[in-house]
Amino acid sequence: QMIDNKFFFDKSVELGFTTRDYEPLINLHTNGARVLQSLGCESVFEFGSGLGFFLSACQRVGLYKHVGYDINPYEREFAISKGIDPGRYLLAKWASKYQLGRYELKTHGSYDAIYSTEVFEHMTDQQISFVMPILYKACKKYFYFTSTPHASADPAWDIEWGHINLKQKDEWVAMFQCHGFDLLREAKEVTPWGLLFVKREKK
């Protein structure tokens, strides 16, 4: 697993995410942070923080109660080098008794919104069904979600990049409904296929 983490980080560097595209990607996620603010959100938990673009965006727009989570120590170190507070970026612990591909997920509280962009396509349905009840419990109101529906022209690239779970909009909507979230609207501020869900109180 550590080898995978290093591979993904090195690939991100190679693709320019840490250099040429760093500022544009923060600007992109600033759109997401502003949407949450416009909905009245004061706190947010990001599932899959990667290189820290959204966490940086939260700092910039004044969404100060933000916490991120990821499994990749190399990406977390990069985010910290760019000014992310280490205490606001949780690194998953390896845990044999949990089934997030053997990672545990602790959210350290509840938040007005959950934010997760381009993460679920890297996870199996089993892993997703493990994390969703935890995210539901941690969420007070909104879930801002994107996961690419598109296969690349090169199937080998999808495998290499870990795109193992490509679903279309209706499939994600159905899955979220199963886990207590209803679609509020499409949310194209960060990607053209983004979706904004609202938590349904269980009867």
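How exposed is Glu 118? Select Glu 118 and you will find that its relative accessibility of 25% makes this residue partly exposed (buried means under 20% relative accessible area, exposed over 50%, and partly exposed in between, with a 1.4 Å probe and protein chains only). Glu 118 sits in the loop between β4 and α5, and its phi is near 55°, a positive value in a residue other than glycine.

Before the next stop, a few ground rules. This is a predicted model, in which local features need pLDDT of at least 70 and side-chain atom pairs count only at pLDDT 80 or more, while totals for chains, interfaces and linings use all residues. Residues are numbered from 1 along each chain as its sequence is written, and side-chain values use heavy atoms, leaving out hydrogens and water.

**Stop 1**

Colour the strands. Seven of them form an open sheet, in the order β3-β2-β1-β4-β5-β7-β6, with mixed pairing (two strands pair if DSSP finds at least two bridges between them). Now select residues 89–91 for β3 and 181–186 for β6: these strands stand at the edges with a single partner strand each, so one side of each has no neighbour in the sheet. From one strand to the next, the twist averages 20° (axes are lines fitted to C-alpha atoms, for helices over the stretch in contact, and angles run from 0 to 180 degrees between N-to-C directions).

**Stop 2**

Look for Phe 181, which stands opposite Lys 199 in β7.

Next, select β4 and β5. Six bridges link this pair, and the two strands run parallel. Ala 113 has Tyr 142 in β5 as its bridge partner. Six of the eight residues of β5 are buried, so this strand counts as mostly covered.

Then move to β1 and β2, which run parallel and are joined by five bridges. Glu 46 has its bridge partner in β2, at Gly 68. Show the side chains of β1: Ser 43, Phe 45 and Phe 47 point one way, Val 44 and Glu 46 point the other way, and all are buried.

**Stop 3: helix α2**

Select residues 22–38. This is α2, which lies across β1 (43–47), β4 (111–117), β5 (139–146) and β6, and runs at about 155° to β4 (contact means heavy atoms within 4.5 Å). Asn 31 is found in this helix, and at 31% relative accessibility Asn 31 is partly exposed.

**Stop 4: helix α3**

Residues 53–61 make up α3, where seven of nine residues are buried. They are Phe 53, Phe 54, Leu 55, Ser 56, Ala 57, Cys 58 and Val 61. Their cover includes α2, β1, β2 (65–70), β3 and β4. Just after the helix, Gly 62 takes a positive phi of about 85°.

**Stop 5: helix α5**

Now select residues 125–138. The 14 residues of α5 reach 20 Å from first C-alpha to last, close to the 20 Å expected at 1.5 Å a residue (the expected span is 1.5 Å times one less than the number of residues). At Val 131 there is a kink of about 25°, shortly before Pro 133 (the bend is the angle between axes fitted to the seven residues ending there and the seven starting there). Val 131 is also one of the buried residues of α5, which pack against β1, β4, β5, α7 (169–178), β6 and β7.

**Last stop: the cysteines**

How many disulfides are there? The count is zero (a disulfide is a pair of cysteine sulfur atoms within 2.5 Å). Is each one buried or exposed? Cys 58 is buried at 0% relative accessibility, whereas Cys 178 is exposed, with a relative accessible area of 68%.

Definitions and conventions: Helices (H or I, at least four residues) and strands (E, at least two) are DSSP runs, numbered from the N terminus.
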